[in-house]
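Biologist: Before we use any labels for what we see, I would like to go through them one at a time and ask what each of them rests on.

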Amino acid sequence: MKVTLIFLLLAQVSWAGPFQQRGLFDFMLEDEASGIGPEDHVPELPELEPLGPVCPFRCQCHLRVVQCSDLELGTNPLKSSGIENGAFQGMKKLSYIRIADTNITSIPQGLPPSLTELHLDGNKISRVDAASLKGLNNLAKLGLSFNSISVVDNGSLANTPHLRELHLDNNKLIKVPGGLAEHKYIQVVYLHNNNISAVGANDFCPPGYNTKKASYSGVSLFSNPVQYWEIQPSTFRCVYVRSAIQLGNYK
């Protein structure tokens, strides 16, 4: 009896056809022949309700009140005349402003004292006015790269007593801005790609070795007409390490 069953099983296997690779189209034809369509395989998804208002990035939203610490106004046909004096005064918690690649020719007046970063790169600013930085006691980073700045008013840096970084590269400065040696906290100064032809022994550091001033961690002066071998070594006596100084020949 067992031999008979085994014989029948082997006979069924031998009668089966060889395996053939079949594509998705073959199975679709079988489904159509059996009356089964694609709609029988894919369940209907419920309709999604539209999302409500989304709170902007770096903002806190409460009912109809929106408080933001991120403000981007870059790449706009904005002019200085389009920013009214005190336009930002109502933003008491604003910490970051970026107005880049526009047509403004001066630093906006009446900026909020809560600012910690101000980026005005890629504009047409020709002068740093000390009055425009007055009251920015919390400002830690000031970006003014890629403008047409040739003058930095005396007292400008004194109005930003907690400034850590100053970016004035790619401008038209003919000398190192005044006030760096007296500034207590500034540590990074970018002055490359300007028209600076001379660097004084006390332009960056106070006379002697004043330990109350923070040491520089980055100073860039490359691509200026000043000859680096003409700069006295003591000029950078308050730099943390020599590798933090970037000098080079004028292009």
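Modeller: Let us begin with a definition: a disulfide is a pair of cysteine sulfur atoms within 2.5 Å. Please keep in mind that this is a predicted model.

Biologist: Why are Cys 205 and Cys 238 called a disulfide?

Modeller: Their sulfur atoms are 1.9 Å apart, and the cut-off is 2.5 Å, so the pair meets the definition. By this rule the count comes to one disulfide.

Biologist: What makes the disulfide of Cys 205 and Cys 238 left-handed?

Modeller: The torsion about its S-S bond is about -85°, and therefore the disulfide is called left-handed. Cys 205 lies in the loop between β10 and β11, while Cys 238 lies in the loop between β11 and β12, so the bond ties together parts that are 33 residues apart in sequence.

Biologist: How do you know whether Cys 205 and Cys 238 are buried or exposed?

Modeller: Buried means under 20% relative accessible area. Cys 205 has a value of 1%, so it counts as buried, and Cys 238, with 11%, is buried as well.

Biologist: Why is the contact between Asp 153 and Arg 127 called a salt bridge?

Modeller: The closest N and O atoms of Asp 153 and Arg 127 are 2.9 Å apart, and because the rule asks for a side-chain nitrogen of Lys or Arg within 4 Å of a carboxyl oxygen of Asp or Glu, the pair qualifies. Asp 153 counts as buried at 16% relative accessibility, whereas Arg 127, at 43%, counts as partly exposed.

Biologist: How many salt bridges does a search of the whole structure find?

Modeller: The search finds two. In the other, Lys 141 pairs with Glu 165, and their closest N and O atoms are 3.9 Å apart, which is within the 4 Å cut-off, so this pair also qualifies. Lys 141 belongs to strand β7 and Glu 165 to strand β9, 24 residues apart.

Biologist: What makes up the lining of the largest cavity, in terms of nonpolar, polar and charged residues?

Modeller: The lining divides into eight nonpolar residues, one polar and no charged. Among the residues that line this cavity are Val 128, Leu 142, Ser 156 and Leu 168. The cavity has a volume of about 40 Å³, and the structure holds one cavity of 30 Å³ or more.

Definitions and conventions
Residues are numbered from 1 along each chain as its sequence is written. This is a predicted model: local features need pLDDT of at least 70, side-chain atom pairs count only at pLDDT 80 or more; totals for chains, interfaces and linings use all residues. Side-chain values use heavy atoms; hydrogens and water are left out. On a 1 Å grid over the protein atoms alone, a cavity is a set of points where a 1.4 Å probe fits but cannot get out, and a pocket is an open set with protein on both sides within 12 Å along at least five of seven lines; lining residues have an atom within 4 Å of a point. Grid points are joined across faces, edges and corners, and a volume is the space filled by probe spheres set on the points. Ala, Val, Leu, Ile, Met, Phe, Trp, Tyr, Cys and Pro count as nonpolar, Asp, Glu, Lys and Arg as charged, and the others, Gly among them, as polar. Buried means under 20% relative accessible area, exposed over 50%, partly exposed in between (1.4 Å probe, protein chains only). Helices (H or I, at least four residues) and strands (E, at least two) are DSSP runs, numbered from the N terminus.
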